[in-house]
Amino acid sequence: MTIAPLEKTMPVGKTRLSHATLFWGGFCVVMALLIVAPLVLPVFWAKFLTEILIWGLLAMSSDLLIGYTGMISFGHSAFFGLGMYGAAGALLHTSPPNLWLAILAGLAGAAGAALFVAYFSTRLRDIYFAITTLIFSQIFYVIIFTWTSVTGGENGLIFTRPHFAIPYLFDIRFTPPVMHWFVVALVAGSYLLLRRITRSPFGMVLQSIRENEARTRAIGYPVQQYKIVSVMLSGVFAGLAGALYAIQNEFAAPDFVFFVTSGDTVIFNVLGGIGTLVGPIVGAGFFQLLRELLSRIFGDQFPYLIPLGMVFILMVIFLPQGLLGFARRWLNK
Amino acid sequence: MNAAAANPNLLVQVEGLHTYYGKSHILDGVSLEVAPGEVVGLLGRNGVGKSTTLKSIMGLVQPTQGEVLLEGKSITGLPPHHLARLGIGYVPEDRRIFRLLTVMENLRTGLDRNGVTAERRAALLDKAFSYFPRLAERRAQAGGTLSGGEQQMLAIARAMMLEPKIILLDEPTEGLMPSMVSQIRKIIDVLHQEGVAILLVEQNVPLTLEASQRVYIMEKGCVRHHCAASDIKVDDPVIKQYLGV
Amino acid sequence: MADFFQNIPFDLLLIQTVNGIVTGLILALVASGLTLIFGIMDVVNFAHGELFMMGAYLGVVVLATTGNFWLALVVATLLIAILGGALQILTLKPLIGRDPLNTILATFGISLILQNFALWEFGPVSRKIEEPIGAYFTLFYLQYPWYRIVIAALAVAIIGGFWLFLKYSKFGVWIRATTQDRVMAQAMGIPVPWVYTGVFAIGAAMAGASGVLFGPLGSINHTMGLDWVLKAFIVVVVGGMGNLGGSIAAAIFISLLEAYASIWVSPAQAVIVSFVVLILTLLFRPTGLFVATPK
């Protein structure tokens, strides 16, 4: 990597905080707030926050593709869904239900789906990639919806939450706060991991593909392979979100494998700011808050997606970098 | 730029044009003018900004500074399709005829304007085919099947269909056989006789000096020399200085 | 072996063949609109299915008010054309020149709005358009409804009419010139920004008309758009991107396969057929099944 200018690490004259200090400082502040949340917020909002984090994780996984590799995916509902059903399957078929197995099963399911989707859709460029991911995710939807014997079809699967247990260490139940902290830990961990990935040589190649695919290929990188790995990584984190969602809500339903979930994911990304990793989480929060607000003011039946859709379009036109777009460079330094 | 410089008696005025391609400062304060019906030559080596000047006039490239005036009114920043309708015809360096459209359809793109009666259309077509009999023969053929010279004819004929006040001709004789070159020469004369002004960018110095009333010579993005075409000969030291190898 | 042959439901096969062709022609019309917009403006119109859906609903409304199917077809098509043009001016024009990903997002936003508007305005219960012609005719030894044939004929007429328009009319020349060389088209006085608006409006009109034509064949609800736009995309890919003739062939091919499949499986599962065709195309002939030579 390039040598950082001296100013960045050494205070010169008036104290100038280094980028690292500011970043980790900010990170700690946010983490502190998230950890304290279930203790100070009313139950509804605490659970709301937990769900925002899970959706945020899903959106963040998608950002790896959209923001860093330059590929819009409309197929994340499949990865999320398979994460959900994978976890559900593990919880229903192992006794006693094991948390870690559930997560692993979810990740495996999502990874499998991602590999399948990636293999076919990465053959096509940009727009056609987006469409084929959509189509493939619908394939998964149809399969899940109609294979009633395995997936419960229309009705989905219901199960109970496993215990939060590490053998020989501890075994506690997942009360809402514990669930929340578990989610916070996993989402924060995922963020740090994804951040590490995007700043690694691998991540640099991805960004190079985003900037100029032809040139990256000309230099000699096996672009399609990188794309496939990128899709798989993205899928795995999406699957984690799905697994968490299943564990938190104790059900798996085909609705979540439907296109709407993919659409929502893209919305969160655009609203929050692509290429920032954190932005999509903010985008998810913004979306859910706006939705909650609209339904409280105008009632449950209000088609909140109409004004939200308009906000979305306006953002695409006037603020394409999203809410956190201004911080994009800073967050990626 | 001061508005006092605007002269409605001049057809085209270019004042202090600065244009960039990315970071490249291609046009560094270009100024020139074309009177109605005049043939004006624009000479210079490759890369000095001759084509860019034409493109800037035609609105295909936006200048960062400076003005382009048509009959005294500012047209800087107007979209190309507007300029075409105001009477500026453009014949680009690589001809750029519509390869998948027939010769007839290519001409139609210039004919299908508001306020052109069917008779006018027919008359214009007749004119095109009489000036360019080869095109008449090939009228139903796709543009892409024509030879280089024929494509050049088509490009010029197409611009003529706009009934322009001025045609911006970018290196029309490039890559053509001598017989074609003399045909181009004749067309320029004919257009001049009809009162159509021409801003001619060319590498062919003798042809330019013969065909034009005035010439500008450009170097490194601005006009370095300007005189009547009759005042200068092919072997003039000025020519050697700015165009010599 | 003889048993197997006896069990093939020839009646059903025959009917499904005609059904498949009819649906295929409607799908071809939808896909043509999509290809047009994509080929000329480089815009992936995610909202294409919703324009189809709105066309169907408008058909229902006009039919309810006037009782005339043909009027419904014309009015709905015109209104959707206007809607399409308006949407392009408001949301896509500002995005010209930007990364094409932006237009996918914008049209996606439009699809959200239209879908939810339809849900809000018309409710979640499906609607139906009455068959315009009640008569049946004899197809070999079976009874087949005339209106389906008429609908198929209309779809063909619209596609054919459009093709003629593209080839011979002034606007058609403008469209073709703009597709080939946008810059020179402008230099020739063609108002390219308006050409784009016009093209989007025409594409939208094709979707809207398809919606009305489809009305009598199935149920109309606010989510029907997604299915159709997906199939249309598949048709575009399988037919060879930008290849109008290929799209039509692909549309009929896929619809026939689905029609046959639904003899044995549920319609929800028959949809998998089109997905399988897509997968096979991507594996073996990614430039399109109905393209002469693979590039």
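What share of the contacts in chain A with a separation of 6 or more comes from residues 24 or more positions apart? In this predicted model, the figure is 76%, with two residues taken to be in contact if their C-beta atoms, placed from the backbone, lie within 7 Å. Local features here need pLDDT of at least 70 and side-chain atom pairs count only at pLDDT 80 or more, while totals for chains, interfaces and linings use all residues. Residues are numbered from 1 along each chain as its sequence is written, and chains are lettered from A and ligands numbered from 1 in the order in which they are written.

Chain A holds 15 helices and four strands; these are DSSP runs numbered from the N terminus (helices: H or I, at least four residues; strands: E, at least two). Its C-alpha trace spans about 65 × 50 × 50 Å along the principal axes.

Now for the neighbours. Where chain A meets chain C, 29 residues come from chain A and 33 residues from chain C. On the chain A side, helix H6 (126-146), helix H12 (259-272) and helix H14 (305-318) each supply at least two residues, and H6(A) gives the largest share, twelve residues. That side has 23 nonpolar, four polar and two charged residues, where Ala, Val, Leu, Ile, Met, Phe, Trp, Tyr, Cys and Pro count as nonpolar, Asp, Glu, Lys and Arg as charged, and the others, Gly among them, as polar.

Chain C also touches chain B, through 21 residues from chain B and 15 residues from chain C. Helix H2 (80-86) and helix H3 (103-111) of chain B each give two or more residues to the chain B side, which divides into ten nonpolar, three polar and eight charged residues.
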